[in-house]
Amino acid sequence: MAEAGEWQLAESGPEAYEQYLVPALFAPWAERLIERVDLQKGDRVLDVGCGTGIVARYAAGVVGDDGTVVGLDVNEGMLEVARATSTEVTSAVEWRRGDAMDLPFTDGTFDVVLCQQAIQFVADPSAALREMRRVLAPYGRMAISVLRPLAFNPGYGVLADALERHIGDDAGAMMRSPFPDWEGEMLRALADDAGFRDRAVTIEISAVRYPSIEEFVRREAASSPLAGPLGSLDRDVRGTLIREIEDALGEYVDDDGIVIPLESYVLVAHR
Ligand SMILES: C[S@@+](CC[C@H](N)C(=O)[O-])C[C@H]1O[C@@H](n2cnc3c(N)ncnc32)[C@H](O)[C@@H]1O
């Protein structure tokens, strides 16, 4: 019988997300997102879909004791890691369970609303944007980032296709889900329809590095619900899956491992 296992990770999905994906991807993005809204000392900030909290933590470091930061997410597991990861500087962040489509705050509570790589998972993004505008004070600022379609993020298309072939349709769909088929025009329309002013959509091009293609697959899967299915995959099948990705992405392998280009939209607007 072929062997499985050995790829199971001790961490939970949210712990793996914080350990692997945050330093590689979400932390550098968070710094840039915060720059886009010119965050100031004393600002009151809401981080929607905060996950394990990287945007809220950076924001807390900027707004200082006179400001406030709330991190909101539907997923209690992500919030638990956010709480556990808080440092002395960021212990003042309030971590709150809630839905982006029905924000549990009164009108005009915040100066800044941030939402990094979460709007694509919300069932009704228009409702979420209306809510974000509602909780902003007059002249409040908003910044949202969302990955561009897979056509602009080919490394992840290769990974999703391989997962689909060897694990199943759901696995492929899961790996594609962060890359909605949205054009910049759609983001502009979302902002306009929600009543935002001065909106601007820009394209941000970055890259993620992993020490090898095997680690690319393992860490991405570990940080998602695919940890179980991939970890228990027959070892030979897993070897085939990795070889296929190596064949497809060989051009991105260098002496430091693999580098994968990534493109996102960033939408910035005022209330
Ligand atoms: C890819 S993670 C991004 C997390 C975080 N913003 C970051 O940059 O690391 C997406 C997050 O959106 C959250 N999310 C999905 N739908 C949501 C909703 N309707 N309301 C609030 N959070 C939601 C998920 O639970 C998840 O933590």
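Of the 271 residues in the protein chain, 52% count as buried, a word that here stands for under 20% relative accessible area, with exposed meaning over 50% and partly exposed in between, for a 1.4 Å probe and protein chains only. This is a predicted model, in which local features need pLDDT of at least 70 and side-chain atom pairs count only at pLDDT 80 or more, while totals for chains, interfaces and linings use all residues. Residues are numbered from 1 along each chain as its sequence is written, and side-chain values use heavy atoms, leaving out hydrogens and water.

We can begin with the overall form. The C-alpha trace of the protein chain spans about 65 × 40 × 35 Å along its principal axes. For 271 residues, a compact globule would have a radius of gyration near 18 Å, and the 19 Å of the protein chain agrees with this; the radius is taken over C-alpha atoms, and the globule rule is 2.2 Å times the number of residues to the power 0.38. Among contacts in the protein chain with a separation of 6 or more, 81% are accounted for by residues 24 or more positions apart, where contact means heavy atoms within 4.5 Å.

The protein chain contains 10 helices and eight strands, which are DSSP runs numbered from the N terminus, a helix (H or I) having at least four residues and a strand (E) at least two. Strand S4, residues 110–116, has seven of its seven residues buried, so S4 is largely enclosed by the rest of the structure. Strand S1, residues 44–48, pairs with S4 in the parallel sense over three bridges, and pairing requires that DSSP finds at least two bridges between two strands. Within this pair, leucine 46 has valine 113 in S4 as its bridge partner.

S4 also pairs in the parallel sense with strand S5, residues 136–147, over six bridges. Here phenylalanine 110 has leucine 136 in S5 as its bridge partner, and leucine 114 stands opposite alanine 143 in S5. Because 10 of its 12 residues are buried, S5 is likewise largely enclosed by the rest of the structure.

Finally, the backbone holds two details. Most residues other than glycine have a negative phi. Aspartate 38, however, has a positive phi near 50 degrees, and this residue lies in the loop between helix H1 (13–36) and S1. Aspartate 198, which is not a glycine either, has a positive phi of about 50 degrees and is placed in strand S6, residues 197–210.
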